[in-house]
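Please look over the sequence and the structure first, and then read on.

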Amino acid sequence: MTATLTRTKPDRYKWIALSNTTLGMLMATIDGSIVIISLPAIFRGIGLDPLAPGNIGYLLWMIMGYLLVSAVLVVALGRLGDMFGRVRMYNLGFLIFALASVALSFDPFHAGAGAMWLICWRIVQAFGGAMLTANSAAILTDAFPARQRGMALGINQITALAGQFLGLLLGGLLAAIDWRAVFWVSVPVGVVGTVWSYRSLRETGERHRSPVDWLGNVTFAAGTLLILASMTYGIQPYGGHPTGWTSPRVLGGIGLGVLLLVAFVVVESRIAHPMFRLGLFKVRAFAAGNLAALLVSIARGGMQFMLIIWLQGIWLPLHGYRFEDTPLWAGIFMLPLTAGFLIAGPISGYLSDRFGARLFSTTGLLLVAAGFLGLLLIPIDFPYPLFAALLVLSGLGQGMFSAPNTSAIMSSVPANQRGVASGMRATFQNAGTSLSIGVFFSLMVVGLAHALPQTLTSGLAAQGVPHDVAGSVASLPPVSTLFAAFLGSNPVAHLLEPYGVLQSLPPANATTLTGHEFFPNLIAQPFHDGLVVVFGAATLMTLLAAVASASRGRHVRQV
């Protein structure tokens with residue numbers, strides 16, 4: 001009887017751990033992307049014009065603040081989980097996340113102050129989300145035997161990735177009801193998840209107490225933060241240039257960040273109890289898996305943002321959708337990507353437990369690369385069934401890669417270092433998403449800067465806008481045009497408003513300028529030129545990730 005209870009309790013506990021950590025990961029990743037679609041409604045709700053030049057920083061930090069904290073803190077929080085208990089850190093993360101969600105939904109301010117309230121509490125929310133992300137994979141690795149670990153981590157990881165795209169759909173649905181509902185949705189889930197985790201989860205892994213590596217924590221956090229924050233300002237115009245990459249502020253921030261990370265590596269190689277276990281990179285499966293995850297994360301982040309711009313700014317308006325409705329429909333039309341994740345992730349995770357991670361993860365990356373090539377080759381005004389098929393292909397490939405890759409990484413490290421390994425894995429993934437914004441938005445802005453001014457000048461002049469006004473509008477930094485497409489907004493009326501010319505034009509011309517098709521047709525070719533560069537770079541990154549994945553070795557030691 002006692003032997004039976006001993007066998008069944010651990011078996012039941014592992015499913016409880018999987019259910020709770022999957023809920024936590026789903027909530028954390030949904031909230032990472034939910035504001036992307038709902039930003040127009042949020043800014044309208046607090047009375048702030050997101051396309052005004054001085055407000056673009058607010059817009060970027062609403063997105064980037066969450067990603068920055070997630071990228072910077074997960075290693076330290078995973079290390080603290082190894083020292084003081086992974087479940088303890090995870091439970092505290094659930095509590096912080098729930099409290100921040102409540103504060104976000106009760107923003108008492110307006111305009112810039114309202115935006116700062118949201119940005120600050122989003123950072124607090126990200127701190128709680130980082131505690132969930134850093135320790136969930138380690139909790140599952142402790143709870144599940146090696147023969148089922150890939151399946152469990154696959155479900156957890158694919159749910160997290162799917163949450164990024166479900167957040168886009170939920171953002172569109174909830175923003176149509178009330179902008180505060182975007183934050184309300186996390187409150188009941190956070191409260192229930194917090195109570196459930198405190199009551200049901202328990203420590204089953206090894207603890208490894210050691211002194212806190214304060215110098216390593218500070219140099220890593222400061223260096224990473226400086227680089228990623230500087231990239232945020234690199235997207236914005238500076239000194240007559242379309243981007244800010246020539247700004248001393250940006251170059252100095254990146255340079256100092258790199259120096260701090262070099263100092264971090266030196267510190268970690270000499271200290272007795274480092275935060276970042278550099279020795280883990282001697283494990284081939286760990287090093288190759290993380291390199292592949294970083295490259296794929298950059299490519300996936302670029303794809304996510306470019307697809308949103310493509311759908312909201314061009315394809316949906318050309319097919320008769322109002323600009324105000326495009327955020328919701330963009331989320332709906334991207335569902336095939338999520339479906340591919342959900343189908344391939346658990347299956348490939350289960351099969352990788354039997355046949356190894358290399359075959360599935362490498363094949364998945366080749367499918368992702370094929371999806372990128374397909375998106376690069378189809379026309380801007382594509383037939384949707386073809387577009388949906390390419391999204392399913394990409395989703396299947398990413399699902400095939402993510403679950404086995406996560407399992408291989410976590411299974412390749414000693415049991416007492418699973419928390420820090422989980423944090424390191426999450427750092428590469430989150431840093432890749434942050435880097436993708438700076439890299440791909442910059443590529444797109446530079447591409448638009450070459451083609452858009454002439455296109456915009458000729459298009460406006462053809463509708464009767466005076467040449468001097470058309471030239472002045474066309475000379476404005478293209479970042480506002482890009483963000484208008486990103487937010488599903490028609491900026492023509494916004495750009496022409498200071499000149500007061502719309503009222504003097506014939507009604508038919510004014511209607512054309514502010515209608516569904518003028519702006520999408522105007523930016524379609526310049527955007528496509530930029531899209532070729534962006535998806536070409538993403539394809540190359542994915543192929544390099546496939547090479548890294550194939551080099552991991554045939555078998556991974558199951559610890």
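## Terms and basis

A crossing is called left-handed if the near helix is turned anticlockwise from the far one by less than a right angle, and right-handed if clockwise. This is a predicted model, in which local features need pLDDT of at least 70 and side-chain atom pairs count only at pLDDT 80 or more, whereas totals for chains, interfaces and linings use all residues. Residues are numbered from 1 along each chain as its sequence is written, and side-chain values use heavy atoms, with hydrogens and water left out.

Helices (H or I, at least four residues) are DSSP runs, numbered from the N terminus.

Of the 29 residues of α2, 25 are buried, leaving the helix mostly covered (buried means under 20% relative accessible area, exposed over 50% and partly exposed in between, with a 1.4 Å probe and protein chains only). Just after α2 comes Gly85, with a positive phi of about 115 degrees.

Helix α8 (residues 214-235) packs with α2 at an angle of about 160 degrees, the axes being 10 Å apart; axes are lines fitted to C-alpha atoms, for helices over the stretch in contact, and angles run from 0 to 180 degrees between N-to-C directions. The two helices α2 and α8 are therefore roughly antiparallel to each other, a term for angles over 145 degrees. The crossing in which α2 passes α8 is right-handed.

Helix α10 (residues 284-318) has 35 residues and reaches 49 Å from its first C-alpha to its last, close to the expected 51 Å. A bend of about 40 degrees falls at Leu311 in α10, and 32 of the 35 residues of α10 are buried. After α10 comes Gly320, whose phi is positive, near 90 degrees.

The axis of α10 comes within 9 Å of that of helix α20 (residues 518-550), and the two cross at roughly 165 degrees, so α10 and α20 are roughly antiparallel to each other. Here α10 passes α20 in a left-handed crossing. Their contact has 28 nonpolar, four polar and no charged residues, where Ala, Val, Leu, Ile, Met, Phe, Trp, Tyr, Cys and Pro count as nonpolar, Asp, Glu, Lys and Arg as charged, and the others, Gly among them, as polar.

## Helices α3 and α4, with Ala111

The axes of helix α3 (residues 86-104) and helix α4 (residues 111-143) come within 8 Å and cross at roughly 155 degrees, which makes α3 roughly antiparallel to α4. The crossing of α3 past α4 is left-handed, and their contact has 19 nonpolar, seven polar and three charged residues.

Most residues other than glycine have a negative phi. Ala111, which lies in α4, has a positive phi of about 55 degrees although it is not a glycine. With 29% relative accessibility, Ala111 counts as partly exposed.

## Leu386 in helix α14

Leu386 lies in helix α14 (residues 384-411) and is partly exposed, with a relative accessible area of 39%. Its C-alpha atom is separated by 9.2 Å from that of Gly374, twelve residues apart from Leu386 along the chain.

Terms used: Expected span 1.5 Å × (residues − 1). Bend = angle between axes of the 7 residues up to and from the residue. Parallel < 35°, antiparallel > 145°, perpendicular 65-115°, else oblique.
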